[in-house]
Amino acid sequence: MSTLLEIIRHEIHKSGVLPFARFMELALYCPDSGYYETKKDIGRRGDFYTSVSAGELFGQFLACQFAEWLEPLRSAKCGVRIVEAGAHDGKLAADILNWLQLKRPKLFGQIEYGIVEPSARRQEWQHETLKDFAPRVRWSSDIQAMVGRDSVEPKFHGIIFSNELLDAFPVHRFGWDAKNKTWFEWGVAVAGDKFIWAKIPTPHSAFCTPQLEAVLPDGYTIETSPAAENWWREAAGVLARGKLLAIDYGLTDDEMFSPARTRGTLRAYFRHHATDDLLANPGDQDLTAHVNFSAIQKAGEDAGLKTEFFGSQTKFLVEILAQAEKNNSLGEWNASRARQFQTLTHPEHLGRAFRVLVQTR
Ligand SMILES: C[S@@+](CC[C@H](N)C(=O)[O-])C[C@H]1O[C@@H](n2cnc3c(N)ncnc32)[C@H](O)[C@@H]1O
């Protein structure tokens, strides 16, 4: 039996039933055997498509936008910085830095590119991808460490961003018991050599209004991600001036509670196929749930940030394109770039499902 299976079984043995969030955390991040610790190739060559794996155009668009955003911050005494979290193999960072070096050499010379990365193994992958940019890149294991642990006031000037980070945080999974009018949490237990679902009674009851609860079908499922909200809150807390940006697939509160979405949004991905067998093959399949953008937006606003943009990836990229066309900063178009743009913006590809939240201070 693999170490990961042994660890999960051991934790279930200790607690009786393991909350799904802990199962997901181990399946994705267990040192040495979690999915994101061992699968360097995600995207086109991995189990699911990402905007980064479509090609370098996505990074070029972001770089183009970042350059505009950083311009007014350039004179700040603290210098300007871009911080990426969830950089995985560093490919997106390389695309962004390449473009800045080529198109905005002066700005490139002033920028520090920070990568927030808790995993030593993924830092190694990123070091390898970014070796040509070594003097410009700095790593730290969490966002507080990036700005200095003893700072009381927010002091980061620049841009903190992530692409498909929030959907990779562990989620709690809750079900509605229509007969008893209560919510319960889904946990994981063991039966023979398999993991099975088990209910955990929960005091939680405030996922939606009583009026909505009255019409929810039995077994209606939702997920919450306190880990994603905490991450956003912490990032908002260190931002003194600049932007906090997330690109991810997700929904608003209202959309989460659509009567058509009775089984939640949690999915497993294995070799480009979505599977509903979430407990199978821990460590070998990706587990991911839609981001609740209403909750993330609120976490930022509660921390004093202003929401500047929330919309589809299509709208976000088209606005960047319109701006870039004016000053010709994206350069010449060819067939490959046009194909990439279509993949990134077509509603049936990545354009509609992916959304962008920009908050500012
Ligand atoms: C879906 S992948 C991101 C893919 C990448 N950003 C891209 O665009 O191709 C999610 C990444 O977030 C990382 N991650 C998870 N929790 C993190 C955290 N607290 N801080 C930084 N990265 C984290 C995962 O290990 C994984 O590499």
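The side chains of S51 and Q313 are joined by a polar contact of 3.2 Å. A polar contact here is a pair of N or O atoms within 3.5 Å; within protein, one of them must be able to donate a hydrogen and the other to accept it, and residues adjacent in sequence count only if both atoms are side-chain atoms. S51 sits in the loop between α3 (35–38) and α4; helices (H or I, at least four residues) and strands (E, at least two) are DSSP runs, numbered from the N terminus. S51 counts as buried because its relative accessibility is 0%. Buried means under 20% relative accessible area, exposed means over 50%, and partly exposed is in between, with a 1.4 Å probe and protein chains only.

This is a predicted model, in which local features need pLDDT of at least 70 and side-chain atom pairs count only at pLDDT 80 or more, while totals for chains, interfaces and linings use all residues. Residues are numbered from 1 along each chain as its sequence is written, and side-chain values use heavy atoms, with hydrogens and water left out.

Helix α4 covers residues 57–70, which makes 14 residues. From its first C-alpha to its last, α4 reaches 20 Å, close to the 20 Å expected at 1.5 Å a residue; the expected span is 1.5 Å times one less than the number of residues. Of the 14 residues of α4, 13 are buried, so the helix is largely enclosed by the rest of the structure.

Y36 is buried because its relative accessibility is 9%. The side chain of Y36 makes a polar contact of 3.0 Å with the side chain of D286. Y36 and D284 are 248 residues apart in sequence, and their C-alpha atoms are 9.3 Å apart in space.

The next topic is the ligand. It is surrounded by 15 residues, and the closest are V52, G86, H88, R122 and N163. A residue counts as near a molecule if one of its heavy atoms lies within 4 Å of it. By class, this shell holds 9 nonpolar, 4 polar and 2 charged residues. Ala, Val, Leu, Ile, Met, Phe, Trp, Tyr, Cys and Pro count as nonpolar, Asp, Glu, Lys and Arg as charged, and the others, Gly among them, as polar.

For R122, a polar side-chain atom lies 3.0 Å from an oxygen atom of the ligand. An N or O atom in the side chain of N163 is 2.6 Å from an oxygen atom of the ligand. Taken alone, the ligand exposes 600 Å², and the protein buries 93% of that. Accessible areas come from the Shrake-Rupley method with a 1.4 Å probe; for residues, only the protein chains shown count as cover.

H88, one of the closest residues to the ligand, is found in the loop between β2 (80–85) and α5 (91–103). H88 is buried because its relative accessibility is 8%. Its phi is positive, about 50 degrees, although H88 is not a glycine. Most residues other than glycine have a negative phi. N281 also has a positive phi, near 50 degrees, and is not a glycine. N281 is placed in the loop between β12 (273–275) and β13 (286–288). At 40% relative accessibility, N281 counts as partly exposed.

Two cysteines come next. C30 is buried at 4% relative accessibility, and C208 is buried with a relative accessible area of 15%. C208 lies in the loop between β8 (194–201) and α9 (210–213). A search of the whole structure finds 0 disulfides, a disulfide being a pair of cysteine sulfur atoms within 2.5 Å. The C-alpha atoms of C208 and S141 are separated by 35 Å, with the two residues 67 apart along the chain.

Sequence separation and distance in space can be set side by side for two further pairs. I12, in helix α1 (residues 3–15), is buried at 4% relative accessibility. I12 and F195 are 183 residues apart in sequence and 9.7 Å apart from C-alpha to C-alpha. R241, in strand β10 (residues 239–251), is partly exposed, with a relative accessible area of 36%. R241 and K194 are 47 residues apart in sequence and 50 Å apart from C-alpha to C-alpha.
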